[in-house]
Amino acid sequence: MDTSQLLKGVLDLAVLAALRDEDGYGYEVLRRLRQAGLDEVGDASVYGTLRRLFRAGVLTSYVVPSEEGPHRKYYSLNDTGRTKLEESVRTWKDFTDTMGQLLKGAA
Amino acid sequence: MSTHTELPVVAQSYLDSVRTELSDLPASEVDEMLDEVREHLSEVSGELGDDLSEQSLRDRLGLPAAYANELRTAAGYPVRETVIRGSKFAEWFPVACLGVATVAAFIVGTDPREHANPLLILLGLGAVAVAAGFVLRYRPDLRGLWLGDKVNQARAALTGQGSPALAFIGTLQPGWWLLRAGLVAFVGLQLGTLGALVVGAMLLAMSLWFGFRTKADRRLLWIVTPANALAVGLLLSLITGTAFRPSYYNASVPQQYGMYNEGRSIENIYAFDKDGKELGTVYLYDQDGRPIKLDDHRARCIEGRSVYLPPPTSSALDSNKFPLPRLEEKQQGVCKETTGAPFRPAVPVPTTAPTTTTAPTTAPAPTTAPQSAEPTQ
């Protein structure tokens, strides 16, 4: 089974989780996801997801000027975002429990 | 993000390709997203270092079209409709129709009194309908994305990307939405359209709604373009003053009072019968049964004092009742109203063969000389 197919459904959750403890700009979020082991996540998908979550009002953003390199747009979770993250985590756990039960002994 | 660091040439060219792929989306959205793509490309270019080339960039990020498509999908925008390669006619005919509608709307706007004829309005509306039908039937890919592309291209050509002047004009846009609704409502009001105020409020709401929607949904450009032309025309007509030029059909004839006899204003009418005897009170009407009123600016004698009555007051009096009261000044400052004729008329003597069938049985015998038609002083 292709991991990228699975990723599509949970990319929102992954991005929200990557911003839970610390604000981050696009490339930073991408790096955090990679470091967590999500190698197959597409670069553009992460940027697009950040943009969509921002438009949906669960993220706020601010620009940090930098001496070298481009200005960076940082994203942070707002209260709506934290609520959404908590809900998504619960949904995810229920789902994985269910799948775990279903797949027990299959492998 | 106003200041951008220079991207390496290959990265900039990649960015430009991505921009082209997203050109159907609202310009402000694209700018926001591309700011981050720029940041992304800058990071990736830095990591690739000396290995940076068109090929290495594509190995890492995929083709620009694929990158743009992934970005678009993840950001929740509709997939770009694939362009059907239809005939040139199918591509240009709807645009020509849009042009006709736009020109028609503009002409109506420049002189709403003279040009707002049903033919021109029908032509404009018809052209839009034909264009819409044609696009939906033959070229669904043109629906608005294509027109949006053209608008974005024109905008980019006119002003450089991210120019402060463009940004400033962008902030004025809602003002234009208010103005165009106000223009149409205002001119409608001047033309005496009933309920123009209600219509104006509706237009205002519509204009704002269209304004905001058009930024996201470029399909509305098919309607908004002719509507804007109409508003520009109206604005022009307001500036040049043609909108309120008195029309030939609506001249102020009903506002004129009075009658004239060989160039002299008639101030009173005295009626005599065939015998030269003065008739008492008569009421006079025209061919339509409307009361005949003379010049309403006339003096009346109220409580011995001569009062000049302005039209609204005097027209409330039964002024088609003749003779009108005539003022006689008895002494300085004291007046009196009389109704009798101030002259003796010369009623025509029917000694010559009368043309009427009912000949008078008794010949009138006027006491005064027959030719003294002039009123006695």
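## Reading the interface of chain A and chain B

Author: Across the interface of chain A and chain B, twelve residue pairs are in polar contact. The model is predicted.

Reader: What is the area buried between the chains, and what do carbon and sulfur atoms give?

Author: Buried area is what two parts lose in accessible area on being put together, summed over both. For chain A and chain B the value is about 2000 Å². Carbon and sulfur atoms give 50% of that area.

Reader: How many salt bridges are counted between chain A and chain B?

Author: Five salt bridges. One of the pairs to look at is B:Glu29 with A:Arg55. Their closest N and O atoms are 3.6 Å apart. The cut-off for a salt bridge is 4 Å, so this pair counts.

Reader: Back to α2(A). Which of its residues are buried?

Author: Buried means under 20% relative accessible area. In α2(A) the buried residues are A:Gly26, A:Tyr27, A:Glu28, A:Val29, A:Leu30 and A:Leu33.

Reader: What do the buried residues of α2(A) pack against?

Author: Partners come from both chains. In chain A they are α1 (3-18), β1 (24-25), α3 and β3. In chain B they are α2 (27-48) and α3 (54-61).

Reader: Now chain B. How many helices and strands does chain B have?

Author: Twelve helices and eight strands. Of its 377 residues, 31% count as buried. The accessible surface of chain B comes to about 23100 Å², and 61% of it belongs to carbon and sulfur atoms.

Reader: How is sequence separation read from the contacts in chain B?

Author: Take contacts between residues at least 6 apart in sequence. In chain B, 67% of these join residues at least 24 apart. For a separate pair, take B:Ala96 and B:Ala127. They lie 31 residues apart in sequence and 8.7 Å apart in space, C-alpha to C-alpha.

Reader: Where is B:Ala96 found?

Author: In helix α5 (residues 88-110) of chain B. B:Ala96 has a relative accessible area of 44%, so this residue is partly exposed.

Note on methods:
Residues numbered from 1 in each chain as written. Chains lettered and ligands numbered in written order. Predicted model: local features only at pLDDT ≥ 70, side-chain atom pairs only at ≥ 80, totals over all residues. Heavy atoms only, no water. Buried area = accessible area lost by both parts, 1.4 Å probe. Salt bridge = Lys/Arg side-chain N within 4 Å of Asp/Glu carboxyl O. Polar contact = N/O pair within 3.5 Å; in protein donor to acceptor, adjacent residues only side chain to side chain. Buried < 20%, exposed > 50% of the residue type's maximum accessible area, 1.4 Å probe, protein only. Helix = DSSP H or I, 4+ residues; strand = E, 2+ residues; numbered from the N terminus. Contact = heavy atoms within 4.5 Å. Areas by Shrake-Rupley, 256 points an atom, 1.4 Å probe, with all protein chains shown as cover.
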